[in-house]
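These are my notebook entries on one chain. I record what I looked up, entry by entry.

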Amino acid sequence: MAARLSGGGGENRLVSLPLSRIRVIMKSSPEVSSINQDALFLTAKATELFVQYLASYSYKHGRGKEKNALTYSDLSHTAEECETFQFLADILPKKILASKYLKMLEKEKRDGEVGEGEEEEEEEDDEDEAVGEDVGS
């Protein structure tokens, strides 16, 4: 049924996403050996509905209404702020300038070095205490 509906490239298609690509993605999973045509169609339709919902939610709750456009920042804001879409936060990160990212990396590196230095001092103190206890007994 789904193959006939998606075959012609006409306007009567019930699914906009290419079923062949979805089949390739589904087959990339090692647990999948064969894909039922109905399962393929339902996966495509569910994906379309999800993307539509994400886009409309992002448009309504973002700055899209002001600009009459949906932007990447609207999508990333939705992924970060809305609990329903938080699983997309890694896929839709907020855009930052490369210079800010480099500064963040440098700061993390400095903080990491400071943290390691403190841990080393604590380990040395622990070793000194252990040696002192052995000598004292």
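Entry 1, aromatic pairs. I took rings of Phe, Tyr and Trp (for Trp, its six-membered ring) to pair if their centres lie within 6.5 Å; planes under 30 degrees apart count as stacked, over 60 as edge-to-face and the rest as tilted. Searching the whole structure, I found five aromatic pairs. One of them joins F50 and F85, which are tilted, with 6.0 Å from centre to centre and 55 degrees between the planes. This pair links distant parts of the chain, for F50 lies in helix α3 and F85 in the loop between α5 and α6, 35 residues apart.

I then looked up how far these residues are covered. I called a residue buried under 20% relative accessible area, exposed over 50% and partly exposed in between (1.4 Å probe, protein chains only). F50 has a relative accessible area of 33% and is therefore partly exposed. F85 is buried, because its relative accessibility is 1%. The ring of F85 also pairs with that of Y53: the centres are 5.7 Å apart and the planes stand at 35 degrees, so this pair is tilted. Here too distant parts of the chain are linked, with Y53 in helix α3 and F85 in the loop between α5 and α6, 32 residues apart. Y53 counts as partly exposed because its relative accessibility is 45%. I noted that ring pairs link F50, Y53, Y57, F85 and F87 into a cluster.

The model is predicted, and local features need pLDDT of at least 70, side-chain atom pairs count only at pLDDT 80 or more, while totals for chains, interfaces and linings use all residues. Residues are numbered from 1 along each chain as its sequence is written, and side-chain values use heavy atoms, with hydrogens and water left out.

Helices (H or I, at least four residues) and strands (E, at least two) are DSSP runs, numbered from the N terminus. I counted six helices and zero strands in the chain. From the N terminus on, the elements run α-α-α-α-α-α. The chain has 137 residues, of which 16% count as buried.

How far should helix α3 span? The expected span of a helix is 1.5 Å times one less than its number of residues. Helix α3 (residues 37-61) has 25 residues and should therefore span 36 Å; its end C-alpha atoms are 36 Å apart, which agrees. I list L40, F41, A44, E48, L54 and S58 as buried in α3.

At the start of α3, a side-chain oxygen of N36 comes within 2.8 Å of the backbone nitrogen of D38. In the loop between α2 (19-27) and α3 I found E31, whose side chain has a polar contact of 2.8 Å with that of S29. E31 is exposed, because its relative accessible area is 67%.

Side chains of opposite charge can pair when their charged atoms come close. I counted a salt bridge where a side-chain nitrogen of Lys or Arg lies within 4 Å of a carboxyl oxygen of Asp or Glu. The count comes to two salt bridges by this rule.

K45 bridges to E48, with 4.0 Å between the closest N and O atoms. Both residues lie in helix α3, three residues apart, about one turn of the helix. K45 is partly exposed because its relative accessible area is 30%, whereas E48, at 16%, is buried.

K94 bridges to E80, and their closest N and O atoms are 3.9 Å apart. This pair links distant parts of the chain: K94 is in the loop between α5 (72-81) and α6, and E80 is in helix α5, 14 residues apart. K94 has 41% relative accessibility and so counts as partly exposed. E80 has 38% and so counts as partly exposed too.

I located Y72 in helix α5. The C-alpha atoms of Y72 and K94 are separated by 8.4 Å, and the two residues are 22 residues apart along the chain.

Key: A polar contact is a pair of N or O atoms within 3.5 Å; within protein, one must be able to donate a hydrogen and the other to accept it, and residues adjacent in sequence count only if both atoms are side-chain atoms.
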